[in-house]
Amino acid sequence: MQLRELKSTEPEASGGNLFTSGASLDIRIAYRSFNLSAQNAVIIPTYFGGRINTILNFTAEKDALASYHVIVVAMLGNGESSSPSNELNFPKNLDYYDCINSQYDLLNKHLGITGLETVIGFSMAAQQICYWACIYPKFMKYVVPICGSAKTSIHNYAFVEDPKAALIHSIDYEDGAYRIKGSNPTRGLQAFGRSYCPWALSAKWFTEGCYQDLGYMGVKKFIQMEW
């Protein structure tokens with residue numbers, strides 16, 4: 001895989017990759033790299049819905065990772081690296097193995113990194129961290145999964161089927177062929193967000209009116225604008 005560092009979050013073309021499903025695609029990986037002269041390296045994959053530039057809170061001079069070479073990489077399927085939204089032939093089945101192997105190739109084959117101090121991830125990225133530990137256990141010293149699980153619970157799986165159904169059954173999703181037909185599943189994404197909203201935030205958050213701290217006087221307006 002041939003890659004180069006991206007100065008923005010626009011993906012860069014790379015070599016062909018074989019997915020665990022058997023599909024093959026010339027994938028693109030979006031990433032940013034900081035403090036290249038540091039001796040020890042750390043990788044931070046993005047989480048579900050996360051973007052590279054929204055998880056750069058470690059870059060301040062006195063932050064915990066200030067002395068490390070930090071690579072933030074967008075997981076496959078998140079919209080910055082190769083995803084259904086930017087690749088017509090993106091595989092229908094994506095596995096964590098595909099995400100981790102693409103990240104490993106980025107580090108080892110392009111950046112020349114032969115080992116990591118740690119891998120860090122939040123939520124869906126925390127699950128990636130668990131896979132990192134299983135697939136390449138000798139490649140890093142430490143793993144730091146934050147607010148994540150090694151295996152998705154049955155309850156979590158059942159919940160995700162709700163917003164998923166809201167998206168794929170929307171009229172503008174076009175049974176997954178929206179890009180081929182030149183459309184954008186805006187209504188489907190809105191339905192997905194509305195369905196996900198109560199899960200993403202707690203009952204206590206809504207009961208205490210925390211949306212007011214964000215400048216919204218009512219929950220209806222908050223949901224309309226944010227989800």
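This is a predicted model: local features need pLDDT of at least 70, side-chain atom pairs count only at pLDDT 80 or more; totals for chains, interfaces and linings use all residues.
## Aromatic pairs

Let's start with the rings. A pair of aromatic rings is described by the distance of the centres and the angle of the planes. Searching the whole structure turns up 22 aromatic pairs. One of them joins Phe 48 and Tyr 196 in a tilted arrangement, with 5.6 Å centre to centre and 40 degrees between the planes. Phe 48 sits in the loop between β4 (41–45) and β5 (69–73), while Tyr 196 belongs to helix α4 (residues 186–200), so this pair ties together parts that are 148 residues apart in sequence. Phe 48 is partly exposed, at a relative accessible area of 43%.

Tyr 173 and Tyr 178 make another tilted pair, with centres 5.7 Å apart and planes at 40 degrees. Both of these tyrosines are buried.

## Cysteines

How many disulfides does the model contain? The count comes to 0. Take Cys 147: the closest cysteine sulfur, in Cys 130, is 12 Å from its own sulfur, which is too far for a bond, because a disulfide requires the two sulfur atoms to be within 2.5 Å. Cys 147 is exposed, with a relative accessible area of 60%.

Cys 210 is likewise in no disulfide, and the nearest cysteine sulfur, that of Cys 197, is 12 Å away. With a relative accessibility of 18%, Cys 210 counts as buried, because the cut-off for that class is under 20%.

## Glu 117 in strand β6

Is Glu 117 buried or exposed? This residue of strand β6 (residues 116–122) counts as buried, at 13% relative accessibility. Leaving aside residues up to four places away in sequence, Glu 117 touches Asn 40, Ala 41, Val 42, Tyr 68, Lys 141 and Tyr 142.

## The second largest pocket

Rolling a probe the size of a water molecule over the atoms shows where empty space is left. The second largest pocket holds about 230 Å³ of space. Its lining consists of 13 residues, and those nearest the centre are Ile 44, Ile 55, Asn 57, Ile 120 and Phe 122.

Which element gives the largest share of this lining? That is β6, with 3 residues; β4 and β6 each supply at least two. Sorted by class, the lining of the second largest pocket has 10 nonpolar residues, 3 polar ones and no charged ones.

Notes: Residues are numbered from 1 along each chain as its sequence is written. Side-chain values use heavy atoms; hydrogens and water are left out. Rings of Phe, Tyr and Trp (its six-membered ring) pair if their centres lie within 6.5 Å; planes under 30 degrees apart count as stacked, over 60 as edge-to-face and the rest as tilted. Helices (H or I, at least four residues) and strands (E, at least two) are DSSP runs, numbered from the N terminus. Buried means under 20% relative accessible area, exposed over 50%, partly exposed in between (1.4 Å probe, protein chains only). Contact means heavy atoms within 4.5 Å. On a 1 Å grid over the protein atoms alone, a cavity is a set of points where a 1.4 Å probe fits but cannot get out, and a pocket is an open set with protein on both sides within 12 Å along at least five of seven lines; lining residues have an atom within 4 Å of a point. Grid points are joined across faces, edges and corners, and a volume is the space filled by probe spheres set on the points. Ala, Val, Leu, Ile, Met, Phe, Trp, Tyr, Cys and Pro count as nonpolar, Asp, Glu, Lys and Arg as charged, and the others, Gly among them, as polar.
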